[in-house]
Amino acid sequence: MASLHHRRLVIALITSFVVGLVLIAAPALRIYAVNGFSPNQELPLPLLAPIGPAPVSFIVRGLEPSTRVAPDGAVYVSSIRGVPGGVDLHRYYASDGAPNGDGTYPFKYEGQPDNCGIFSEANGGCANNHLDPFGLGLGGGDVDIAVNFPSRGVPNLALVSLTLAPGVTGTHSTTRGDSFSTPNPAVALIPGDDRQWIDGTDAQTVYLNYHDAETFNIDVQRSNDGGEFYLNGFGEAIDPQTFPAAGGVPATNSANIAGQIKVDRSSCPSRGNLYQIFVAPDSVTENLTGGALRSIYVGVSTDVKLGLPAFTFTDTKVFPGPAGAQNQGAGNLFPALTTDDFGFVYAAWSVNSDIFYSFSTDQGTTWSSPINVSFPVNGGHANLFPWIAADANGHVGIVWFGDDQAGNSNDRATLEPGHNASQGAACNSGTTCMQGWAQWNVYYAESVNGHDATPFFVRNVISDHAIHRGTISTGGLGGGADRSLADLFQVAFDPQHFANVAFSDDHLINTEVSGSDNGTDNPTSRRKIRANFTHQLMATAGSVVTTGSCAGSPPPPPPGAEKITGGGQIASQTPGQTANFGFVAMNDKPKASLSYHDDGATGGSIDVHSANTSVPSVTFQGNCSTFKGDAKVNQKLGYKYTVNACDNATSGAGKDTFFISVTGPNNFSYSDGGPITSGNIQIHKQ
């Protein structure tokens, strides 16, 4: 699902007396590969999702497939049906059978992990991978999955699905998708969320990001239990210096589009770094005046590795792009980012006509000049929806959709000649006008020296048929072009360094649904929308390098820079109870992240999180620091906090001190503090 400026998927309803689920037959086997990739295979789904006993059903679709490969080689693909239809999961693992003769995988359909609807008890309760009898789930608006990397045992699989209200549903599996934990419909701290992404590291650590609808900052939370709850850490990826150019306050601002969050899983000093890519206007003025989302930014958190309940990000502008056609610039859904096994960082984005690529050799501090990776293979045409994967040392793969005609992907007059400029409109004459429409394919660019001064890419088409005809919208619900393929697809490398790609496809007519077939080239025919999958069968770009040196380090803070970090507990306002705190604050480009919770507050439980809606004040005196700024109290804006913390001893309990005061609307006031009862506070000086 796109950002708040984009769409909410709408599930089509059709009248039907079908009461059972019918599986789509797999496509016929092929005996050839496409530029080193397996034949494209459809991932089967039920045709219809009946809504209880009523004579209506949801038409099942497979959109925006999220793809991951676990370290044990298990391949996972999850796609959305749209709210409230839930999401679907397919898995291939060695125990599912050997690959077919043509290299395609015998995927196992794992059902719907976000299954826990309001009538779920009648269908066996939650965590059964099946929707309740009324076809209602806890998501379907967006999906993302992540795998963990344990030293032994079955890798954890985390999944998040979007409902908007209450927000993000989270669940996870320790059985390779055969069963899931009971879905948690409120893993996001802030209700009213949009476009969540996740990434995993170690055995159980998963990071979640999403748009906070009120400020449109990108909130980041950490889970230490594999993705069932995300309560172990909090930060905001748009720092206070960048927020005026990229934030959503006031609500009329252009704001930003958030891409995926990625954690560094290398064995280098950068291990554990957290990276967040986003697209936003180039300046405060452009943001305030509805300017194009034309510039690429990356937020980096290094203090997240401390494991504290709060962490900060520092943002860098990677590329100040032009406004572009239709005033879109780089806002072409979605910017993408990844890291390799040696700590190098890579980014890709679309300006509709081209896919650009940049890399960082110093942990996201500085970036290379952008390279146009699509022009040599599909120059002059529309190219969009990039996704990027990396592993080893400089091994990079980028996928995207590209068409065969010049013109913006949203331009119906150019890419869909011969019919009215609206979805499903009939041909102006005859019934075959789609023969002259733009045809889209899946492209793949691969490099084995992705962070060299001049990376070399091998580029190929990896779809074995045109996957779509006509326009593709990059405007979300507000756009006027075709939304059939939604907004994204993904690529992931497996342990053999081969690419695995799943993408939405609507080249077939949904002939199984009555009344859909008005002819192959007739835009009034109902298309069958399914996730398709292909994977790399042979190396196409040369030998992957698995040795070498780690990425460089960012420059040290300037002389006089100071930082204070802390986490632990103090006595609550209610005797016998404790309040939890965690924070990071620094005076170089002042920023602070605060998480505080007191169930024993005399006025009722209080939850405080800092907000980057303004630049905080951070001062140091001796072994103490005072920092103050904007806050959310119980998820509501409009509050101010002040913290004074002192590092009085190496061992903090009973000696270090923490004091907090919070003020807000309607004369709200809260204060507490004293010696910490557990934890530690530490001053860091440059």
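I searched the whole structure, a predicted model, and found 29 aromatic pairs. Rings of Phe, Tyr and Trp (its six-membered ring) pair if their centres lie within 6.5 Å; planes under 30 degrees apart count as stacked, over 60 as edge-to-face and the rest as tilted. I looked up Phe 583 and Phe 658: their ring centres are 5.9 Å apart and their planes at 20°, so this pair is stacked. Phe 583 belongs to strand E33 (residues 578–586) and Phe 658 to strand E39 (residues 657–664), so I note a link between distant parts of the chain, 75 residues apart. Strands (E, at least two residues) are DSSP runs, numbered from the N terminus. I find both Phe 583 and Phe 658 buried, meaning under 20% relative accessible area (1.4 Å probe, protein chains only). Ring pairs join Phe 583 and Phe 658 into a cluster with Phe 581, Tyr 596, Phe 627, Tyr 641 and Tyr 670.

I then traced an open sheet of four strands, ordered E5-E6-E7-E8 with antiparallel pairing. Strands E5 (63–69) and E8 (108–109) are at the edges with a single partner strand each, so one side of each has no neighbour in the sheet. Two strands pair if DSSP finds at least two bridges between them; I read six between E6 (residues 75–80) and E7 (residues 87–92). Val 75 has Tyr 92 in E7 as its bridge partner.

Last, I checked charges over rings (NZ of Lys or CZ of Arg within 6 Å of the ring centre and within 35 degrees of the ring normal). Arg 176 lies over the face of Tyr 93, at 4.0 Å from the ring centre. Arg 195 lies over the face of Trp 197, at 3.6 Å.

Residues are numbered from 1 along each chain as its sequence is written, and side-chain values use heavy atoms, without hydrogens and water. Local features need pLDDT of at least 70, side-chain atom pairs count only at pLDDT 80 or more, and totals for chains, interfaces and linings use all residues.

Terms used:
Buried means under 20% relative accessible area, exposed over 50%, partly exposed in between (1.4 Å probe, protein chains only).
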